[in-house]
Amino acid sequence: MKATQRTVRLDLAEPLRISRSTMAARDAVWLTVEHAGLRGHGEAVTSVYYGLDADTLGRLLAAVATDLPRFRDPESALDALRAGELAGEDTPPAVTAAVEAALLDLAGKRAGSPVHRLLGAATAPVAATARTIGITPPVRAAAEARCLTASGFEVIKVKAGAPDPEEDVERVRVIRDAAPRARLLLDPNGAWTTDQADALLPRFAELGVEAVEQPLAPGDPEALVALAARSPLPVIADEDAVSLEDARRLAGRVHGVNVKLAKCGGVHAALRIAEAIDGSGTALMLGCLTASSLGLAPAVHLADRARWADLDGHLLLAHDPWTGIGGTDGFVRASELPGLGVRRSPGEETA
C-alpha cells in the first residue's frame, strides 16, 4: 500500500460565531491510500481548540503513512490501527480517525460493500441532522430558522454563550416562534457558570428546548454531573466527553455524550463508546467538526445508532468538494456504494 496527501482550504458560506471564537474557514488534509488499483480516502481538519494546524496534521499523517507498506492489505492495517500498532499512543485522535476512514473506504471498495455493512448494519443509515445557527442577531436567526424548516430540517441547534445571556434567550425565543415544530438543541460550548446555568436552563425549558450541550466550562465533569441531576433539560457532555474512559465515567450520570470521530479517534472508538454507555440511561449524540462530505461520511454510516445526529459540518461550507451523504433536506444518508460512498463534487478533479 502507498499513501499520498493533499491540503485544501474549506471556506464557510458565512462566518460561524460560537461562544469562544468565530470561524470563517479551515484547512483539510486528505489522505489517500492506494492498493491493487483501488483508492481509499480520509480527511482530517484543522482545529484551534485541539491545537492542530495543517502542517501538524500533514506531518502526523505522513508518519503513519510511512508504516503502511508493511501491511499486506487495508484489512490487516485496520486491525493494527485498532490494536495501537500502527499509530502511536501520542497520535491525535483526529489523525487516527482520518487514517481509519481511508482504510475503511479502501476495505469497503475491495469487498464491494458500503462501510455500514462492514460494521454490521444491513440497511443504509438515514438520520435527521441538526442544523446549526450561530450566535447571530435574533432577526437573522429567525430568518434562518424559517428557511431551514422550509427546506425540511426538523432539528435546529442554537449556539449560545453571548456576553449577555438575555441575547441567547431572545435568539431561542424568536427561533421557536419562527419554527414552532422544530426540535431545538442548545450549545453554549462551555460558556456558562454554574449559577448562570441554574438560572437559564428553566427558561430554555419553557421555550421547548430539547437538550443542552456542555453548558459548563470543560475540566470539571463532576460539576456537569451535578448540574445534570437537577437540570430541567437533558444535559449532553461534549468537551468533557473525549475518550472511552470519559464516557464510562459519565455513563448513567449525564443524559448524553457527544461523540465526534475526530475527538475520540474514529469509527471503532465511537462504537466502543456506544457499547460502554448502552443501557446506562446516557444516550449517544453523533457530532462533527466543520468538514467536507468526506470528513462527515464515516459518522453518517453510524447515524442510526444515535439519539441525536449533529452532522451538518459539510452544509456550512461555501462549496463542498465531495458529495454523497445528502443533508440539504435535513436528512443525512449513508450511501450503498462501496466504501464510504462519497465522490468528488461535479466539476472537481476525479478521485
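How far is the sulfur of Cys288 from the closest cysteine sulfur? The answer is 13 Å, with Cys264 holding that closest sulfur, and this is too far for a bond. Before going on, note that this is a predicted model, where local features need pLDDT of at least 70, side-chain atom pairs count only at pLDDT 80 or more, and totals for chains, interfaces and linings use all residues. Residues are numbered from 1 along each chain as its sequence is written, and side-chain values use heavy atoms, leaving out hydrogens and water.

**Cysteines**
- The structure has zero disulfides, a disulfide being a pair of cysteine sulfur atoms within 2.5 Å.
- Cys288 counts as buried because its relative accessibility is 18%; buried means under 20% relative accessible area, with a 1.4 Å probe and protein chains only.

**The sheet**
- Eight strands (DSSP runs of E, at least two residues) make an open sheet with parallel pairing, in the order β5-β6-β7-β8-β9-β10-β11-β12.
- β5 (130-133) and β12 (308-309) stand at the edges with a single partner strand each, so one side of each has no neighbour in the sheet.
- Two strands pair if DSSP finds at least two bridges between them; β10 (256-260) and β11 (283-287) have five, in the parallel sense.
- Asn258 sits opposite Met285 in β11.

**Around β5**
- Helix α5 (138-151; a helix is a DSSP run of H or I, at least four residues) packs on the sheet, touching β5 and β6 (155-159).
- Thr136 lies in the loop between β5 and α5, and counts as buried at 11% relative accessibility.
- Leaving aside neighbours within four places in sequence, Thr136 is in contact (heavy atoms within 4.5 Å) with Ala141, Glu144, Glu167 and Arg171.

Definitions and conventions
Axes are lines fitted to C-alpha atoms, for helices over the stretch in contact, and angles run from 0 to 180 degrees between N-to-C directions. Buried means under 20% relative accessible area, exposed over 50%, partly exposed in between (1.4 Å probe, protein chains only).
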